[in-house]
Amino acid sequence: MMSTDGFVGLGNRVQRRGSADLLAEEILNRIVEGEIPPGTPLRESMLARESGLARNTVREAIRILVADGLVQHYPNKGAAVCKLDGEDVMDLYRVRLMAELEGIRSVARLTPGQEAAFEQSLQSFEAAAGGSSASGLVAADLHFHTLLVDLAGSPRLDRLYRSILNEVRFGFSLLTAADREIDNPRPLVDEHRAIYESLVAGDGEACAALLTEHLGHYKRRMVDLVRQRAAEPVGASAQ
């Protein structure tokens, strides 16, 4: 029988505002945080029962989640949380690298406003590194990388990048939990600081090299992780 532990109390926040968007957001956060594992079916009847919402609202929330990329709808089977595999990770990081390098190559020097945004981002990174929240560290990391893409000044590139962020966030959350990076976040913070300092110095070539190595390392590690998890016996990763 399917466990519904990840869905308990789902309606506590959602019921107060009764929104498909809020239900989708709540489910998404639980997927990203690992409370609802990859492959978990999203049954309309169960979600309606746990959230206290009408099934048509639940159906709309599932449609939103499918559009966000972390849930897939299977004909005659219904919806389920996606499982990232090695090919998915490589494709995500291919898009990430293309978008972030385009941002770096679009500027010769940062403006004072751009410098201020990066400094604030790194301060938030330092604060997250000093805490105990893995999700906070992931959020700080992705905010920094989003600023790199913003340098291109392209609304379409921004939309493309943001369309994959939930999948990236999901994968990176799994990796951060597996590697316990929150226990020793200094190398991660230092890598981002080095990328920023090369930008400030106007050395686009060095910045691109640092970024490529940084993303390449995490791509390889994440590919190894998802392949390892796929090879584990059912239920082993939850031990």
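## A48, a buried alanine

A48 is buried, at a relative accessible area of 13% (buried means under 20%, exposed over 50% and partly exposed in between, with a 1.4 Å probe and protein chains only). This is a predicted model, in which local features need pLDDT of at least 70, side-chain atom pairs count only at pLDDT 80 or more, and totals for chains, interfaces and linings use all residues. Residues are numbered from 1 along each chain as its sequence is written, and side-chain values use heavy atoms, with hydrogens and water left out.

You will find A48 in helix α3 (residues 44–51); helices are DSSP runs of H or I with at least four residues, numbered from the N terminus. Leaving aside residues up to four places away in sequence, A48 touches L53, R55 and V58, where contact means heavy atoms within 4.5 Å.

## Helix α10 and its cover

Helix α10 (residues 204–231) has 28 residues and spans 40 Å from first to last C-alpha, close to the 40 Å expected, taken as 1.5 Å times one less than its number of residues. Its buried residues include C207, L211, H214, Y218 and M222. Among the elements covering the buried residues of α10 are α5 (86–105), α7 (134–150), α8 (155–179) and α9 (186–200).

Methods: Helix = DSSP H or I, 4+ residues; strand = E, 2+ residues; numbered from the N terminus.
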